[in-house]
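User: I'd like to go through this one with you, one question at a time. Ready when you are.

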Number of protein chains: 2
Amino acid sequence: MCSRRKGDPIPTPSKVKPRKSAGQRSRSRPEVAYHHGDLRRALIEAALALAADGGPAAVSVREAARRAGVSPAAPFRHFASRDALLIAVAEEAQRRFRAEIDAALSDLPADAPLQRLRALAVAYFRWAMRNPAHFEIISTRSAFDHQTSVSVAQDNAELIAMTERLLAEAARRGDMAEIDLKAAQITGRALVYGLARMQIDGHFPRWGVAADDVERTAEQAIDLFIRSLGRRD
Amino acid sequence: MCSRRKGDPIPTPSKVKPRKSAGQRSRSRPEVAYHHGDLRRALIEAALALAADGGPAAVSVREAARRAGVSPAAPFRHFASRDALLIAVAEEAQRRFRAEIDAALSDLPADAPLQRLRALAVAYFRWAMRNPAHFEIISTRSAFDHQTSVSVAQDNAELIAMTERLLAEAARRGDMAEIDLKAAQITGRALVYGLARMQIDGHFPRWGVAADDVERTAEQAIDLFIRSLGRRD
DNA sequence: ACCTGAACACCGTTCAAGT
DNA sequence: ACCTGAACACCGTTCAAGT
């Protein structure tokens, strides 16, 4: 209903010639407005909406094109393949995710590493819960090709390094029992990822956790873990 | 190459008429052999092979039919839809999984609940690691429709009840610190599911765990959790 | 510089017809 | 009682042609 029909007037593209000078990319977004406004953007949003109900598998290039009001071939001007479109969605998701984590930690004291770790875990879970489609696209290998993009990988590496620093700092301060740090890191990560995936994959009901109890339960689990790291005396 | 070609002789079906008497299903498997031998079986196996590389999304009814040497329409005599085929694969996976878990617990003392819980967790992880396609089909909601079958749900419920019993028994025996049992159950489950999914989704490399270290690391994490349940005195 | 239209080789699914 | 063949409405992707 909302797509362009044959015969409708086509808005002419603006006449600007945005020549990127070599080695330099414009700050906000390399692609500029065309006929559509910003087709690239529209396609990413359509893809996300499709993923939101039906999961990543339900994302179709043709359907995204339809929703953006362009022909089936148009998206391939902006994305080399369906996978490339999904990767673009993943990149945006990862960016937003990072921003949210950073915000959650910003007003916490720098000298309370375990408290920061807890906040990190809780923010992670909450984000996954509120952005299930984004989360699944970032996490699930088989969602598409797999080879996650460089920018996603880097963002991820920084997050991993962060958990490492926080644990090391907690140990240095004597906040922790004598636990192998690597083991603690993997345990915490698996716990939080597991909680998020249980939510995404709809497991909580069968484990006897009602929908409006999920968040509280997840926090309880996280607390149990954080406390288990502490000294026992 | 291996599919039947037009003109090849078609083996005639055996002349038995397997009339199921009402309300009673034959023990081993309701479907009997036809022309193909057992097309249902062949399709399930082909589907599994397809899922093994490429994930559940890569399962195609037509390709499964091709591999079984039948026409594209033939599978729909045995499965109402692609989803129904995937559900059949999931049911078989769940059966095998249950058998493996039961075997892992069979030679363990009945009066050591935390030891049994540990063995359950380790067996769960190992099975996921060695049967990634099966595991993903059982676990991932968006793999197909979602509505997992009744038999899968029941098998699952029994496993959940088992973890509950083991924890309650450990508490009764005084093996545990004062911890909310529900919280402990969810924490343990999320940890083990998270470990399994990290493996399936290929996360371990970026968390600095090499392939041949994954199993040992997972067991370390499980031990850390089991120990955190214990009394602190 | 971007988009369309038509085409190709795929899908899941249905249905009449064959044995 | 099971399977084929042809058909339908979809898909991802390519490519010549349009503006």
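User: How many charged residues does the surface near DNA strand D have?

Analyst: This is a predicted model, where local features need pLDDT of at least 70 and side-chain atom pairs pLDDT 80 or more, while totals for chains, interfaces and linings use all residues. Residues are numbered from 1 along each chain as its sequence is written, chains are lettered from A and ligands numbered from 1 in written order, and side-chain values use heavy atoms, without hydrogens or water. Near means a residue heavy atom within 4 Å; nonpolar is Ala, Val, Leu, Ile, Met, Phe, Trp, Tyr, Cys or Pro, charged is Asp, Glu, Lys or Arg, and polar is the rest, Gly among them. By those classes, the surface has 10 nonpolar and five polar residues, and the charged count is seven.

User: Which helix gives the most to that surface near DNA strand D?

Analyst: 22 residues surround DNA strand D, with A:Val61, A:Arg62, A:Arg66, A:Arg82 and B:Ser71 the closest. Helices here are DSSP runs of H or I, at least four residues, numbered from the N terminus. With three residues, the top contributor is helix H2 (residues 61-68) of chain A.

User: How far is a polar side-chain atom of B:Arg77 from a base nitrogen of DNA strand D?

Analyst: On the phosphate side, a polar side-chain atom of A:Arg66 lies 2.8 Å from an oxygen. Polar contacts here are N or O pairs within 3.5 Å. For B:Arg77 and the base nitrogen, the distance is 3.0 Å.

User: Which helix gives the most to the surface near DNA strand C?

Analyst: That surface divides into 10 nonpolar, five polar and seven charged residues. The helix giving the most puts in three residues. That's helix H2 (residues 61-68) of chain B.

User: And how much area do chain A and chain B bury between them?

Analyst: 44 residues of chain A are in contact (heavy atoms within 4.5 Å) with 44 of chain B. In chain A, A:Ile186, A:Arg189 and A:Trp207 lose the most area to chain B, together 19% of what that side buries. Buried area is the accessible area (1.4 Å probe) lost on putting the parts together, summed over both. Here 65% of it is on carbon and sulfur atoms, and the total is about 3700 Å².

Technical notes. Helix = DSSP H or I, 4+ residues; strand = E, 2+ residues; numbered from the N terminus. Buried area = accessible area lost by both parts, 1.4 Å probe. Polar contact = N/O pair within 3.5 Å; in protein donor to acceptor, adjacent residues only side chain to side chain.
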